[in-house]
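The notes below follow the order in which I checked things.

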Amino acid sequence: MTAPATGRRPITLHDLVLLAVLAVVFGFLYWALVQVWGWLQVVMGPLGDLAQNVLVGGWMVVAPLAIYIVRKPGVGILVEIIASIVEVIFLASPVGPMLILVGFIQGAGAEVAFAATRYRRYGWAVFIASGVTAALANLVLGMVRMGWAGQELFELRVIFQLASGVLLCGVLAKLIGDALLRTGVLDNYAIGRAAQAQAPVESSSGQSSDG
């Protein structure tokens with residue numbers, strides 16, 4: 001899907017308020033996911049160290065979601081950083097201030113796929129690519145910080161990481177964005193304006209094919 005040419009608009013206060021709300025909401029959800037992480041480590045037994053890689057996409061989903069809604073460069077990084085600040089300051093994340101750097105890297109990773117299209121394409125392929133690039137960015141960070149490349153089960157870690165990035169980051173962000181769009185609450189944002197601009201085109205195409 002290529003976004004219709006709706007004109008380049010600067011980021012507005014309206015956009016910033018939404019981004020702040022998304023960041024705070026997902027900051028709390030990310031903290032809740034940390035609790036799931038601890039439970040999953042126990043359930044996975046000998047593979048418990050890989051639980052983080054199974055869930056990692058869930059900690060990055062707000063980045064492509066924010067980009068989908070606002071369609072401006074940098075918003076994915078911004079919301080991930082704010083969400084990480086919420087986790088560190090208000091929810092006492094065990095990761096500590098390092099989480100802010102993690103949020104920056106994960107947000108930047110998610111932005112890569114959209115930046116490659118100059119923020120003009122928002123189809124499934126771009127979201128899947130965003131999940132992959134976000135997962136790869138986080139994987140490189142883990143290799144540097146925790147020496148994943150030299151550990152056993154590295155190949156399995158990579159598979160879990162990429163699958164989680166695709167499903168819990170890319171695909172889930174697209175599903176959430178589309179669901180919110182259908183409610184009408186996003187009509188005054190870039191995603192809503194693009195959908196409204198596309199509707200007459202699709203309607204005209206349908207009439208032409210019927211005639």
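I took helices (H or I, at least four residues) and strands (E, at least two) as DSSP runs, numbered from the N terminus. This is a predicted model, in which local features need pLDDT of at least 70, side-chain atom pairs count only at pLDDT 80 or more, and totals for chains, interfaces and linings use all residues. Residues are numbered from 1 along each chain as its sequence is written, and side-chain values use heavy atoms, with hydrogens and water left out.

Entry 1, annotated segments. I looked up the UniProt record, an unreviewed entry, which places "transmembrane region" at residues 16-38, 50-70, 77-102, 122-144 and 156-176. UniProt positions are given in the numbering used here, feature names are shortened, and annotations may be inferred rather than shown by experiment. I checked two of these spans. Residues 77-102 are 73% helix and 0% strand, with the end C-alpha atoms 10 Å apart. Residues 50-70 are 67% helix and 0% strand, and there the end C-alpha atoms are 33 Å apart.

At what angle do helix 4 and helix 5 pack? I found about 155 degrees for helix 4 (residues 75-90) and helix 5 (residues 98-116), with the axes 8 Å apart. Axes are lines fitted to C-alpha atoms, for helices over the stretch in contact, and angles run from 0 to 180 degrees between N-to-C directions. The angle makes helix 4 roughly antiparallel to helix 5 (under 35 degrees counts as roughly parallel, over 145 as roughly antiparallel, 65 to 115 as roughly perpendicular and the rest as oblique). By class, I noted nine nonpolar, five polar and three charged residues in the contact of helix 4 with helix 5. Ala, Val, Leu, Ile, Met, Phe, Trp, Tyr, Cys and Pro count as nonpolar, Asp, Glu, Lys and Arg as charged, and the others, Gly among them, as polar.

Helix 1 packs on helix 4 at about 50 degrees, with axes 7 Å apart. The two are therefore oblique to each other. I recorded 14 nonpolar, one polar and two charged residues for helix 1 with helix 4.

The axes of helix 3 (residues 62-70) and helix 7 (residues 154-183) come within 8 Å and cross at roughly 40 degrees. That makes helix 3 oblique to helix 7. P64, L65 and Y68 of helix 3 make the contact with C169, A173, K174, I176, G177 and D178 of helix 7. Its classes are six nonpolar, one polar and two charged residues.

F26 and Y30 are four residues apart in helix 1 (residues 13-43), so about one helical turn separates them.

Note on methods. Contact = heavy atoms within 4.5 Å.
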